[in-house]
Structure formats: structure tokens, C-alpha cells
Amino acid sequence: MIEAGDSAGVAAWIPPGSDVGLEQVNVATWSEVVGLTDDGGDRYHRFWSWLESDVPYEPHWMLDMLGVDPARQGEGIGSALVRYGVERAEADGVPAFLETSKARNVPYDERFGFRTAAEEDAPDGGPHIWFMRLDP
């Protein structure tokens with residue numbers, strides 16, 4: 001996790017070669033998910049498996065999460081956090097990758113050089129997702 005602006009913003013960048021998958025980053029424990037669902041976590045697991053199927057196989061930096069305190073948005077905190085990972089990807093000579101379910105994030109991410117590699121509707125009535133990458 002990277003913090004900026006007196007903890008007004010945070011980003012989770014997953015470096016190349018990490019054995020942490022998206023599902024592991026986004027849930028504390030499997031037992032918590034199972035207890036919150038009526039299908040034993042099956043839909044949740046299908047979603048994360050589907051999402052990971054569009055993640056590049058080659059080494060890359062993955063922006064898993066970006067958030068800025070709404071009262072501090074527009075101050076450049078989010079941009080600094082995105083640039084942090086982009087610069088690491090460029091230094092390593094590997095792509096940077098992210099996914100978003102918010103259409104308004106697409107032009108924001110394009111400002112840093114990300115391009116939409118694919119966009120699809122998630123299974124089981126899930127959200128529309130843009131898969132974006134920035135090549136070195």
C-alpha cells in the first residue's frame with residue numbers, strides 16, 4: 001500500500017512476480033465471504049476468477065485499488081499515486097494494468113497513458129468492466 005497527502009489517498013500496486021492474486025487482496029478471509037452470501041461464496045469466486053482471466057500473464061504492475069478522501073480530491077493526490085506505479089512499471093520495462101467498473105475513470109486513467117485493452121460485462125449480472133493497460 002502506498003499512502004499520499006497525509007493519508008488522504010491510498011493505492012495498492014501489486015508488483016511483478018507477486019504471488020498475491022486479486023481475490024486475495026480484496027477479501028480478509030474466505031470464511032467471511034461464505035458467511036455473507038447465500039450461495040457459499042460461489043458467485044463471489046466466479047467473479048474474481050473471471051476478473052483474473054483478463055489480467056496479463058506477462059510480468060506487470062497492477063493497480064488494484066486507488067482511493068482519495070472526497071474532501072481532498074482535485075489536489076493531485078490520486079495522480080501522484082498513479083504516477084508512482086507507472087514510474088515503477090517504466091523502470092522495470094513492463095506494462096502497468098488496471099481494471100475499473102466506472103466509466104468516469106476511463107478518461108482519468110487515459111491521462112496517464114492507459115488504454116482500454118478489453119471491456120466486458122461481468123458474469124451473473126455483475127458490473128461492466130474496463131481492462132486497461134499501459135505498455136512500456
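1. Start with a charge over a ring. The charged end of Arg88 sits over the ring of Tyr84, 3.8 Å from the ring centre. The term applies if NZ of Lys or CZ of Arg is within 6 Å of the ring centre and within 35 degrees of the ring normal.

2. A word on the source. This is a predicted model, in which local features need pLDDT of at least 70 and side-chain atom pairs count only at pLDDT 80 or more, while totals for chains, interfaces and linings use all residues. Residues are numbered from 1 along each chain as its sequence is written, and side-chain values use heavy atoms, with hydrogens and water left out.

3. Now the overall layout. The protein chain has 5 helices and 6 strands. Here helices (H or I, at least four residues) and strands (E, at least two) are DSSP runs, numbered from the N terminus. Their order from the N terminus is β-β-α-α-α-β-α-β-α-β-β. The chain has 136 residues, and 37% of them count as buried. Buried means under 20% relative accessible area, exposed means over 50%, and partly exposed lies in between (1.4 Å probe, protein chains only). Contact means heavy atoms within 4.5 Å. Among contacts between residues at least 6 apart in sequence, 67% join residues at least 24 apart.

4. How many aromatic pairs does a search of the whole structure find? The count is 5. The rings of Phe47 and Trp50 have centres 6.0 Å apart and planes at 40°, so this pair is tilted. The rule: rings of Phe, Tyr and Trp (its six-membered ring) pair if their centres lie within 6.5 Å; planes under 30 degrees apart are stacked, over 60 edge-to-face, and the rest tilted. Phe47 and Trp50 both lie in helix H3 (residues 42–53). They are 3 residues apart, about one turn of the helix. Trp50 is buried, at 15% relative accessible area.

5. Is the pair of Phe97 and Phe131 stacked or tilted? The centres are 6.4 Å apart and the planes are at 25°, so the pair is stacked. This pair links distant parts of the chain: Phe97 is in strand S4 (residues 96–100) and Phe131 in strand S6 (residues 128–134), 34 residues apart. Phe97 is buried at 2% relative accessibility. Phe131 is buried too, with a relative accessible area of 1%. Phe47, Trp50, Phe97 and Phe131 form one aromatic cluster.

6. Look at S4 itself. This strand is mostly covered, with 5 of its 5 residues buried. Ala96, Leu98 and Thr100 point one way. Phe97 and Glu99 point the other way.

7. S4 has partners. Two strands pair if DSSP finds at least two bridges between them. Strand S3 (residues 61–68) runs parallel to S4, joined by 3 bridges. Met62 has Phe97 as its bridge partner in S4. From S3 the chain crosses through helix H4 (residues 77–92) to S4, and this β-α-β crossover is right-handed. That label means that, with the strands pointing away from the viewer, the path from the first strand over the helix to the second runs clockwise. S4 also pairs with S6, in the antiparallel sense, over 5 bridges. Leu98 has Met132 as its bridge partner in S6.

8. Follow S6 to its other partner. Strand S5 (residues 115–121) and S6 pair in the antiparallel sense over 6 bridges. The two form a hairpin with 6 residues between them. Asp124, in the turn, has a positive phi of about 60°.

9. Arg133 deserves a look. This residue lies in strand S6. Arg115 has Arg133 as its bridge partner in S6. The side chain of Arg133 makes a polar contact with the side chain of Asp135 (2.6 Å). A polar contact is a pair of N or O atoms within 3.5 Å; within protein, one must be able to donate a hydrogen and the other to accept it, and residues adjacent in sequence count only if both atoms are side-chain atoms. Leaving aside neighbours within four places in sequence, Arg133 is in contact with residues including Pro56, Phe97 and Phe114.

10. Last, two loop residues. His60 is found in the loop between H3 and S3. His60 is buried, at 12% relative accessible area. The side chain of His60 reaches the backbone oxygen of Glu58 at 2.9 Å. Ala8 lies in the loop between strand S1 (2–4) and strand S2 (9–14). Ala8 is buried, with a relative accessible area of 8%. The C-alpha atoms of Ala8 and Val68 are separated by 5.7 Å, although the residues are 60 apart along the chain.
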